[in-house]
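Me: I have a model open and would like to talk through some of its side chains with you. Could you take my questions one at a time?

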Amino acid sequence: MSTATSTVYDGPFAPILLTFVDDALVHLDVAHDGVDIARAEIAHRLGVVPDPDPAPAHDALAQLDEYFDGRRRTFEIPLDWRLVGGFTRAALQATRRIPYGEVASYGEVAIMAGSPGAARAVGTACANTPFSIVVPVHRVVRADGSIGEYGGHPEVKHFLLDLENGVADRLRAPA
């Protein structure tokens with residue numbers, strides 16, 4: 001029988017609730033509306049109330065620290081895709097191929113996911129990702145280069161893109 005657990009990470013813009021099933025991340029929620037609401041939503045989606053337990057999240061918490069410190073460019077966290085299927089999963093997996101410090105349009109991600117013309121569906125997939133930050137949907141922008149709403153919190157998307165651009169610029173600078 002699977003075990004669901006959760007823990008809270010003190011994010012730079014809001015608390016982040018990480019939920020695991022066994023040892024795989026099933027949901028990462030930037031809890032803008034509060035941790036209690038985020039916990040209730042994931043319990044409803046999973047059909048079980050996750051036990052508060054930081055142990056399964058140990059590596060993920062360390063990787064988030066490294067990312068926000070500018071020392072990590074990709075996440076190596078096992079993902080449990082049970083809450084994602086069909087084209088949404090293909091679109092989210094495609095966003096994982098967008099390099100750190102770069103962006104791609106919704107249309108470009110649709111092509112990467114094998115469905116040219118499905119830019120709106122990519123937008124929906126990004127808006128509904130269960131793996132915010134870890135699967136870099138913040139790197140997906142509108143065709144005109146504007147960033148969009150990012151779940152009603154464009155300031156978070158700005159923060160993440162600025163963080164990555166600053167690190168990428170330092171890495172590209174001549175020594």
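Me: Is Phe68 buried or exposed here?
Reply: This is a predicted model, and in it Phe68 is buried, because its relative accessible area is 14%, which falls under the 20% cut-off.

Me: What is the geometry between the rings of Phe68 and Phe159?
Reply: The ring centres of Phe68 and Phe159 are 6.3 Å apart with the planes at 55°, so the pair counts as tilted. Phe68 belongs to helix H2 and Phe159 to helix H6 (residues 154-172), so that this pair links distant parts of the chain, 91 residues apart.

Me: And Phe159, how accessible is that one?
Reply: Phe159 is partly exposed, with a relative accessible area of 32%.

Me: How many aromatic pairs are there in total?
Reply: The count comes to 8 aromatic pairs. One of them joins Phe13 and Phe68, an edge-to-face pair with 6.0 Å from centre to centre and 80° between the planes.

Me: Why does the pair of Phe13 and Phe68 tie together separate parts?
Reply: Because Phe13 sits in the loop between strand E1 (4-10) and strand E2 (15-21), while Phe68 is in helix H2 (residues 58-68), the pair connects parts that are 55 residues apart in sequence. Phe13 is partly exposed, at a relative accessible area of 24%.

Me: Which residues form the aromatic cluster?
Reply: One aromatic cluster is formed by Tyr9, Phe13, Tyr67, Phe68, Phe75, Tyr100 and Phe159.

Me: Changing topic, where is His27, and what does it touch?
Reply: His27 is placed in strand E3 (residues 24-30), and with 10% relative accessibility it counts as buried. Leaving aside residues up to four places away in sequence, His27 touches Leu17, Leu18, Thr19, Ile42, Arg45, Leu83, Pro130 and Phe131.

Me: What separates the C-alpha atoms of His27 and Phe131?
Reply: The C-alpha atoms of His27 and Phe131 are separated by 5.6 Å, although these residues are 104 residues apart along the chain.

Me: One more, Asp80: where does it lie, and is it buried or exposed?
Reply: Asp80 lies in the loop between H2 and helix H3 (86-95), and it is buried, with a relative accessible area of 13%.

Me: Which side chain makes a polar contact with that of Asp80?
Reply: The side chain of Arg82 does, in a polar contact of 2.7 Å with Asp80. Apart from residues up to four places away in sequence, Asp80 touches Val21, Ala24, Leu25, Val26 and Phe131; Phe131 is also among the residues touched by His27.

How values were computed:
Residues are numbered from 1 along each chain as its sequence is written. This is a predicted model: local features need pLDDT of at least 70, side-chain atom pairs count only at pLDDT 80 or more; totals for chains, interfaces and linings use all residues. Side-chain values use heavy atoms; hydrogens and water are left out. Rings of Phe, Tyr and Trp (its six-membered ring) pair if their centres lie within 6.5 Å; planes under 30 degrees apart count as stacked, over 60 as edge-to-face and the rest as tilted. Helices (H or I, at least four residues) and strands (E, at least two) are DSSP runs, numbered from the N terminus. Buried means under 20% relative accessible area, exposed over 50%, partly exposed in between (1.4 Å probe, protein chains only). Contact means heavy atoms within 4.5 Å. A polar contact is a pair of N or O atoms within 3.5 Å; within protein, one must be able to donate a hydrogen and the other to accept it, and residues adjacent in sequence count only if both atoms are side-chain atoms.
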